[in-house]
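Me: I have a structure open here and would like to go through some of its side chains with you. Could you take it slowly?

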Amino acid sequence: MAQNASWEERYMQTILEVNGQKMPQRINATRHAIAERLHDLEHDNDHHAERHQIENALRALSQLEGEAQQW
């Protein structure tokens, strides 16, 4: 995946990943992309819908991470 992929693109690739061995790397890359995006939005009071999507994505990543540990 391109280095400058959006957090949404990384998230979609992560949730669609079928190789359990790649899952931890995908989750970490997605979290990193989300952290970068949140940093970009740090002083911006707009983007409420995106912030909500990010919260949902982080919850889903946590759940996916727990499930991946059981694979």
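Me: Is Glu 50 buried or exposed?

Reply: Glu 50 is buried, with a relative accessible area of 13%, where buried means under 20% relative accessible area, exposed means over 50%, and partly exposed lies in between (1.4 Å probe, protein chains only). Please keep in mind that this is a predicted model, in which local features need pLDDT of at least 70 and side-chain atom pairs count only at pLDDT 80 or more, while totals for chains, interfaces and linings use all residues. Residues are numbered from 1 along each chain as its sequence is written, and side-chain values use heavy atoms, with hydrogens and water left out.

Me: And which residue does Glu 50 form a salt bridge with?

Reply: Its partner is Arg 37, and the closest N and O atoms of the two are 2.8 Å apart; a salt bridge here is a side-chain nitrogen of Lys or Arg within 4 Å of a carboxyl oxygen of Asp or Glu. Glu 50 lies in helix α3 and Arg 37 in helix α2, so the pair ties together parts that are 13 residues apart in sequence (helices are DSSP runs of H or I with at least four residues, numbered from the N terminus). Arg 37 counts as partly exposed, at 24% relative accessibility.

Me: How many salt bridges does the structure hold?

Reply: It holds three. In another of them, the side chains of Arg 31 and Glu 65 meet at 3.0 Å, N to O. Arg 31 belongs to helix α2 (residues 23-40) and Glu 65 to helix α3 (residues 48-69), so this pair ties together parts that are 34 residues apart in sequence. There is also a salt bridge between Glu 17 and Arg 26, at 2.6 Å from N to O, in which Glu 17 is buried at 13% and Arg 26 is partly exposed at 25%.

Me: Switching to α2, which of its residues are buried?

Reply: They are Met 23, Ile 27, Thr 30, Ala 33 and Ile 34. Seen down the axis of α2, these buried residues fall within an arc of 130 degrees, so they line one face of the helix, the arc being that of the directions from the helix axis to the C-beta atoms.

Me: Why would residues three or four places apart point the same way?

Reply: An α-helix has 3.6 residues a turn, so residues with that spacing point the same way.

Me: What do the buried residues of α2 pack against?

Reply: They pack against α1 (7-16) and α3, where contact means heavy atoms within 4.5 Å. The face turned away from the buried side of α2 carries the exposed residues Gln 25, His 39 and Asp 40.

How values were computed
Helices (H or I, at least four residues) and strands (E, at least two) are DSSP runs, numbered from the N terminus.
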